[in-house]
Amino acid sequence: MQAIAESELIINSRGAIYHLDLRPEELADTIFTVGDPDRVSTVSKHFDAIEFRTQHREFVTHTGYIGKKRVTVVSTGIGTDNIDIVLNELDALVNIDLSTRLPKTVLKHLTIIRMGTSGSLQADVPVDSFVASTHGLGIDNLLNFYRHEENEEEAALLQSFATQTQLHHRLAHPYICGASASLLRHFVDGFTSGITVTCPGFYGPQGRVLRLGLSQPDLIDKLTSFSYGAHRITNFEMETAGIYGLGKILGHHCLSLSAIVANRVRKDFSKDGNAAVEKLIRQTLDIVASL
């Protein structure tokens, strides 16, 4: 097997992977991701101990303990372009020998839980509530740069989505991946479950109009009205499908949890989104500590 070239796997002068500036021993097997770098300390303040901190660009990482469980929280920044960096580098830290630049023969499966904010696409999913994403449906194209296959349920959902919305003609070639069932089953009480759509932007790609006209002015209606059996789209944001897709291909267990800060159907916005996020963090950490 040929070693991975220096131009493809970049290691800095302290032996850490380039963007995250992490060495393998500085990463736990249970990882929380947040978009906002400032939110890392909002999570880690609940740790019983913090053993390591680092920051490189928008990627802030704290590793410590909740009770006896070693955990890491890392900021991704916004969007699946950053998710591409974070997921690949997290995997490289545990599944590639950085000294030989060769993949390991025995692979490790990380637990990766996103805690973020999102906009609701259903009138009955109000602001300040929580969503656990059963699937991430991407209209951002990231996963189309990788070899991947949908399972039977995912393929049927994707075909129905294309038929009902027709978005594949102009915007993207959508993809879909499910959450880790072993994680999702712990996040039922207090959570609405549904499909989360991942968009490649915040304004036009999420149907917002400021000064620019939209090529898909009925985007919100198309997403809100989609259904396939018991499945419906509950919310959209900018990272979940990338995490689910890359996580599935790489063999990791992934779950995305969202605090709803806007309801795009009711045109509501949370009066205190920070409080909703804080509640989501506390509830998630309590559940994970018991796993």
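**Reading a predicted model, feature by feature**

Modeller: Let's begin with lysine 267, which counts as exposed because its relative accessibility is 70%. The cut-offs are under 20% relative accessible area for buried, over 50% for exposed and partly exposed in between, with a 1.4 Å probe and protein chains only. This is a predicted model, in which local features need pLDDT of at least 70 and side-chain atom pairs pLDDT 80 or more, while totals for chains, interfaces and linings use all residues. Residues are numbered from 1 along each chain as its sequence is written, and side-chain values use heavy atoms, leaving out hydrogens and water.

Biologist: Where is lysine 267 found, and what is its phi?

Modeller: In general, most residues other than glycine have a negative phi. Lysine 267, although not a glycine, has a positive phi of about 65 degrees. Lysine 267 sits in the loop between strand 13 (253-263) and strand 14 (268-269). Strands (E, at least two residues) and helices (H or I, at least four) are DSSP runs, numbered from the N terminus. Asparagine 141 also has a positive phi, of about 80 degrees, and is not a glycine. Asparagine 141 belongs to the loop between strand 8 and helix 3, and counts as partly exposed because its relative accessibility is 26%.

Biologist: Which residues form a nonpolar patch on the surface?

Modeller: A patch like this joins nonpolar side chains (Val, Leu, Ile, Met, Phe, Trp, Tyr) within 5 Å, each residue having over 30% relative accessible area and no salt bridge. Here the members are Phe145, Tyr146 and Ile249, with about 330 Å² of accessible area together; areas come from the Shrake-Rupley method with a 1.4 Å probe. Phenylalanine 145 lies in the loop between strand 8 (130-138) and helix 3 (152-165). At 72% relative accessibility, phenylalanine 145 counts as exposed.

Biologist: How many salt bridges does the count come to?

Modeller: The rule asks for a side-chain nitrogen of Lys or Arg within 4 Å of a carboxyl oxygen of Asp or Glu. The count comes to 13 salt bridges. One of them pairs glutamate 278 with lysine 45, their closest N and O atoms being 3.6 Å apart. Glutamate 278 is in helix 7 (residues 273-289) and lysine 45 in the loop between helix 1 (39-44) and strand 2 (49-56), so this pair ties together parts 233 residues apart in sequence.

Biologist: Are glutamate 278 and lysine 45 buried or exposed?

Modeller: Glutamate 278 is buried, at 16% relative accessible area, whereas lysine 45 counts as exposed, at 54%. Salt bridges that share partners also join Arg14, Asp21, Arg23, Glu25 and Glu26 into one network. Within it, the closest N and O atoms of arginine 14 and aspartate 21 are 3.0 Å apart. Arginine 14 is partly exposed at 28%, and aspartate 21 is buried at 14%.

Biologist: How many cavities of 30 Å³ or more does the structure hold?

Modeller: Rolling a probe the size of a water molecule over the atoms shows where empty space is left. A cavity is a set of points on a 1 Å grid where a 1.4 Å probe fits but cannot get out, and lining residues have an atom within 4 Å of a point. The structure holds one cavity of 30 Å³ or more, and about 40 Å³ of space lies in the largest cavity; volume is the space filled by probe spheres set on the points.

Biologist: Which residues line the largest cavity?

Modeller: Among them are Thr33, Thr76, Ile83, Met115 and Glu239. Strand 7 (111-120) gives the largest share, three residues, and strand 1 (30-34) supplies at least two. The lining divides into four nonpolar, four polar and two charged residues.

How values were computed. 1 Å grid on protein atoms, 1.4 Å probe; cavity = no way out; pocket = protein on both sides within 12 Å on 5 of 7 lines; lining within 4 Å. Nonpolar A, V, L, I, M, F, W, Y, C, P; charged D, E, K, R; others polar. Patch = residues over 30% accessible without salt bridge, like charges linked within 9 Å, V, L, I, M, F, W, Y side chains within 5 Å.
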